[in-house]
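Trainee: I am new to this structure. Could we go through it together?
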Amino acid sequence: FSGHEHRTSYAAKANSNRALLKIIADEGLGVDVGSIGELYLALAAGFTPEKITFSGVGKRDDEIEFALSKDILAFNVESTEEIDVLNQVAGRIGTKARMLLRVNLDIDAGGHAYVSTSLKQNKFGVAQRHASEILKWALLLPHIVVRGIHSHIGSQIVKLETFNATARTLVAL
C-alpha cells in the first residue's frame, strides 16, 4: 500500500495472546476487537484507541459504553438496530460514536458454506441495495459520526479476483 493512505488492522479473534498483540501494536498496526475482553487485551498490549475498531454481532451496551469511554476509532455496525443502540448509548453518556457500516456485498468468496459471510443469505451486514439509505439516515442521528463502510467477505480466500471484485464493488458504493 506504499503511497496510499490506509490502515492495516489485525483481527484479535485470530489470536489474542498478549505478547503477540504487543508485537503487532509495536509495529504500528491497528486492531479489530470483537468483545470487551479483546478490547482490554488490546489496550494492555499498547494499541492506542485511535487504532482500535470494534466488530461483531451482539455488542452489549456495557461493551459499547466502555469502548466509547476509551474513544476508540470506530464501531463496525451490522444493522439499523445496532446503529440505533449505538446512538442511544452515546447520547446517554454525552458523546458521539464513530461508525463504519458493514455492507454485505453478496460476493461468493469460495470455501465451505459453513464459514460463508458475504452472501445475501448470510446474517452479516446490511444488503448493498440498502446501504446508501441507511448511511443517509445515520448521518442525521445526533450521536453518530459516519466514517465509512466496511465489508468482510470471508477467510482463507485464494482467488485474487475475489478481492478485485470486492474492491470494485466497495469503490462503486
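Mentor: Let us begin with a term: a residue is buried under 20% relative accessible area, exposed over 50%, and partly exposed in between (1.4 Å probe, protein chains only). This is a predicted model, in which local features need pLDDT of at least 70, side-chain atom pairs count only at pLDDT 80 or more, and totals for chains, interfaces and linings use all residues. Residues are numbered from 1 along each chain as its sequence is written, and side-chain values use heavy atoms, with hydrogens and water left out.

Trainee: Is F75 buried or exposed?

Mentor: F75 is buried, as its relative accessible area is 2%.

Trainee: And where is F75 placed?

Mentor: F75 is in strand β4; strands (E, at least two residues) and helices (H or I, at least four) are DSSP runs, numbered from the N terminus.

Trainee: What does F75 touch?

Mentor: Leaving out residues up to four places away in sequence, F75 touches F54, K59, I64, A67, L68, L86, A97, R98, M99 and L100. Contact means heavy atoms within 4.5 Å.

Trainee: How far apart are F75 and L101?

Mentor: They are 26 residues apart in sequence, and 8.4 Å apart in space from C-alpha to C-alpha.

Trainee: Now helix α3. Which of its residues are buried?

Mentor: In α3, residues 61–69, the buried ones are E63, I64, F66, A67 and L68. Their cover includes α2 (36–45), β3 (52–54), β4 (74–77), α4 (80–93) and β5 (97–104).

Trainee: What follows α3?

Mentor: D71 follows α3, and the phi of D71 is positive, near 60 degrees.
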